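Work through the following exercises with the sequence and the model at hand, trying each task before you read its solution.

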Amino acid sequence: MEIEAWVWWLIAAVGLAIPLVLTAMPEFGMFSAGAVAGAVVAALGGGIVAQVLVFVVVSVALIAVVRPLAARQGARTPRLATGIDALKGRQAVVVERVDGSGGRIKLAGEIWSARTLDAEQAFEPGEKVDVADIDGATAVVM
């Protein structure tokens with residue numbers, strides 16, 4: 001019992017799809033698609049040279065076209081600020097006098113310890129300040 005070439009190509013396609021699922025590397029999916037194209041050529045009666053050539057051309061073409069498109073799409077997606085990164089640049093209200101050595105502010109509905117960015121500067125209760133950075137559990141304001 002001899003297995004036909006197109007079946008071997010489909011086995012190769014499944015074999016290449018497994019690492020795609022396990023590693024999330026899209027290149028394996030492109031090689032898998034190339035193996036399916038090789039299976040189609042084999043099913044249509046193409047020789048081994050044509051099968052391998054179609055596999056290589058389809059795989060390389062997919063990598064050359066899809067990867068740059070995916071990279072551009074990933075670069076276009078806006079980055080969502082979370083955690084302390086979301087607090088940087090926000091306004092806060094001074095609750096206790098804030099100077100270079102410390103104080104308290106109300107930031108995003110919570111009371112935070114704070115200090116000024118410029119050690120010579122001071123803010124009085126009720127003043128609005130901008131959060132320049134978060135240093136541990138202390139907001140650095142200006």
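**Exercise 1.** In which helix does E27 lie?

Solution. E27 belongs to helix α2, which covers residues 26-43; helices here are DSSP runs of H or I with at least four residues, strands are runs of E with at least two, and both are numbered from the N terminus. Before going on, note that the model is predicted, that local features need pLDDT of at least 70 and side-chain atom pairs pLDDT 80 or more, while totals for chains, interfaces and linings use all residues. Residues are numbered from 1 along each chain as its sequence is written, and side-chain values use heavy atoms, with hydrogens and water left out.

**Exercise 2.** Find the salt bridge partner of E27, and decide whether each of the two residues is buried or partly exposed.

Solution. First, recall that a salt bridge is a side-chain nitrogen of Lys or Arg within 4 Å of a carboxyl oxygen of Asp or Glu. E27 forms one with R67, and the closest N and O atoms are 3.0 Å apart. Next, locate both residues: E27 is in helix α2 and R67 in helix α3 (residues 48-76), so the pair ties together parts that are 40 residues apart in sequence. Finally, compare the relative accessible area with the cut-offs, where buried means under 20%, exposed over 50% and partly exposed in between, with a 1.4 Å probe and protein chains only. E27 has 19% and is therefore buried, whereas R67, with 44%, is partly exposed.

**Exercise 3.** Which residues is S32 in contact with, once its neighbours within four places in sequence are left aside?

Solution. S32 is also found in helix α2, and with a relative accessible area of 10% S32 is buried. Taking contact as heavy atoms within 4.5 Å, we find that S32 touches A13, L16 and A17.
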